[in-house]
Amino acid sequence: MGIKPDKTSYTSNYFQELYDHCVTVLKSGKAYADDTERETMQHERMHGIASKRRDATVEQNLARFEEMKKGNEEGVRWCIRAKMSVDNPNKAMRDPVIYRCNPQPHHRTGDRWKVYPTYDFACPIVDSMEGITHGLRTIEYRDRNPQYDWMLDALNLRKVHIWDFARMNFIRTLLSKRKLSKLVETGVVWGWDDPRFPTIRGIRRRGMTIDALREFILKQGPSRNIVNLDWTLFWATNKKYIDPVAPRHTAIEKENAVTATVKGARVAPYTADKPKHGKNPDLGTKKVAYSAEILIDQSDAQSFAQDEEITLMNWGNAIVRSISHSLNPLHRSRVTSLELELHLQGDVKKTKQKITWLATSGQELIPVELVDFDYLITKDKLEEDDNVDDFLTPETEFRTEALADGNVAELKEDDVIQFERKGYFRVDRAFKHGEKAVMFLIPTGKEGKGK
């Protein structure tokens with residue numbers, strides 16, 4: 001995201017202060033040590049039953065916390081619970097655990113500590129100590145907000161204002177870390193930066209720009225309403241940023257590409273400098289090769305009519321003089337070759353077909369793999385009891401082999417370009433001799449797959 005923090009802090013920086021605060025709430029009688037078994041504790045909290053340890057003396061509670069601090073066999077039996085309520089309608093307020101014993105070394109503090117605060121205890125205290133004025137939390141934490149306030153009141157710490165906001169949901173998209181982890185672990189996706197994933201790394205790899213992401217998020221605002229957004233607007237916002245700066249290139253699909261001879265073209269191939277972007281001269285120029293033999297997409301060739309005048313983009317008009325089809329009865333519609341006659345004095349505004357093409361001589365054609373993606377799941381919104389495996393899209397990755405103009409050899413990883421009439425692409429792997437370039441199609445909000 002390009003965001004650099006002024007300071008990075010860790011809860012473990014405050015373990016001593018948090019320990020001292022736990023001692024404070026124990027001494028004030030607002031917390032107690034409990035050795036109730038986990039299942040029993042869950043049952044008691046659910047049904048509003050007080051723990052048998054709830055009325056232990058301050059001295060008993062402090063002694064048990066000391067055993068926890070040692071991390072010995074006696075200490076690991078205990079935890080510390082805040083003495084909030086037994087039967088509050090909000091179950092988050094029913095004497096939650098605030099400290100646990102864990103003899104295992106901590107990844108930052110080693111074996112110095114054997115007791116550790118829970119998130120619910122540490123979060124409000126650290127926020128207050130670090131000068132946080134507004135704590136931004138998703139509405140899933142709403143039931144725990146009174147708990148947050150209770151901790152600060154119990155310790156007479158500076159108040160922090162909680163601002164709730166709803167998590168953004170997108171159609172046909174999983175946002176649960178647990179469910180996403182399963183897709184990574186089972187190999188459904190490549191990893192957390194998979195371009196089909198709704199992670200920052202994933203959408204960046206798909207071709208999302210930081211500026212577009214920032215604009216989209218700010219436009220949504222900190223709403224408390226749960227909404228199920230379509231990806232269309234998300235990617236349409238991105239297109240506004242990439243269209244003015246994406247250099248234009250040409251790619252022709254390798255499968256059944258059609259060779260066309262061009263009458264009236266120079267016998268010897270040559271190149272000419274053309275702008276990389278018709279509306280942005282600051283992007284510079286590229287070399288466009290011209291030859292008497294060119295490659296055309298099969299889909300374009302099949303759409304031509306005999307003697308139709310077409311426009312060869314970046315060249316001029318030509319007339320289709322001959323169309324040869326496959327002799328195979330199973331593929332009679334397949335075009336095998338064309339003959340075109342240049343008609344450069346023709347009016348490009350009057351032609352129906354304006355097609356891309358590549359000269360077969362005068363340049364090195366660069367092998368590229370064009371990759372498109374579909375949604376990972378087939379249902380717009382999964383319900384809690386839905387089994388993810390039942391709604392996985394069978395095929396979500398679509399690869400097309402193509403040949404691109406010679407300028408593509410200069411592209412670097414993360415460059416964003418447009419293959420004219422094919423879409424915008426991000427370079428996931430740059431071309432190396434003997435190794436094709438890999439390009440990911442960037443959605444614009446109009447495509448079928450991936451929207």
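How many aromatic pairs does the count come to? I got 21. My rule for a pair was Phe, Tyr or Trp rings (the six-membered ring for Trp) with centres within 6.5 Å; planes under 30 degrees apart are stacked, over 60 edge-to-face, and the rest tilted.

**Ground rules**

I am working from a predicted model, in which local features need pLDDT of at least 70 and side-chain atom pairs count only at pLDDT 80 or more, while totals for chains, interfaces and linings use all residues. Residues are numbered from 1 along each chain as its sequence is written, and side-chain values use heavy atoms, with hydrogens and water left out.

**Aromatic pairs**

I looked up Tyr19 and Trp113, a tilted pair at 5.5 Å centre to centre with 45° between the planes. Tyr19 belongs to helix H1 (residues 15-27) and Trp113 to the loop between strand E3 (97-101) and strand E4 (115-117), so I noted them as distant parts of the chain, 94 residues apart. My helices (H or I, at least four residues) and strands (E, at least two) are DSSP runs, numbered from the N terminus. Tyr19 and Trp113 are both buried; I take that as under 20% relative accessible area, with exposed as over 50% and partly exposed in between (1.4 Å probe, protein chains only).

Next I checked Phe65 and Tyr99, which pair edge-to-face at 5.5 Å centre to centre and 75° between the planes. Phe65 is in helix H3 (residues 58-70) and Tyr99 in strand E3, so this pair ties together parts 34 residues apart in sequence. Both Phe65 and Tyr99 are buried. Tyr19, Phe65, Tyr99, Trp113 and Phe121 form one aromatic cluster.

**Arginines over rings**

I count a charge as over a ring if NZ of Lys or CZ of Arg is within 6 Å of the ring centre and within 35 degrees of the ring normal. The charged end of Arg224 sits over the Trp163 ring, 4.3 Å from its centre. Arg266 lies over the face of Tyr270, 3.9 Å from the ring centre.

**Sheets**

Strands of a sheet pair through backbone hydrogen bonds, parallel or antiparallel. I call two strands paired if DSSP finds at least two bridges between them.

Four bridges join E15 (residues 309-312) to E16 (residues 316-325) in the antiparallel sense, and Leu312 stands opposite Gly316 in E16.

I also found an open sheet of seven strands ordered E9-E22-E23-E24-E20-E21-E10, again with mixed pairing. Its edge strands, E9 (248-249) and E10 (251-253), each pair on one side only. E22 and E23 run antiparallel, joined by four bridges; Gln418 has Tyr424 in E23 as its bridge partner.

**Positive phi**

Asp307, not a glycine, has a positive phi of about 65°. Its place is the loop between helix H10 (298-302) and E15, and Asp307 is partly exposed at 46% relative accessible area. Arg421 has a positive phi near 70°, in the loop between strand E22 (416-419) and strand E23 (423-429).

**Pocket and cavities**

I used a 1 Å grid over the protein atoms alone: a cavity is a set of points where a 1.4 Å probe fits but cannot get out, a pocket is an open set with protein on both sides within 12 Å along at least five of seven lines, and lining residues have an atom within 4 Å of a point. Grid points join across faces, edges and corners, and volume is the space filled by probe spheres set on the points.

The largest pocket holds about 1100 Å³. Of its 29 lining residues, Thr138, Phe165, Ala166, Arg167 and Met168 are the closest to its centre. H8 gives the most to this lining, three residues.

How many cavities of 30 Å³ or more does the structure hold? There are four. The largest cavity has about 210 Å³ of space and 17 lining residues, with Thr173, Arg196, Arg206, Trp231 and Tyr375 nearest its centre. For the second largest cavity I noted about 150 Å³ and 16 lining residues. E13 supplies the largest share of that lining, four residues.
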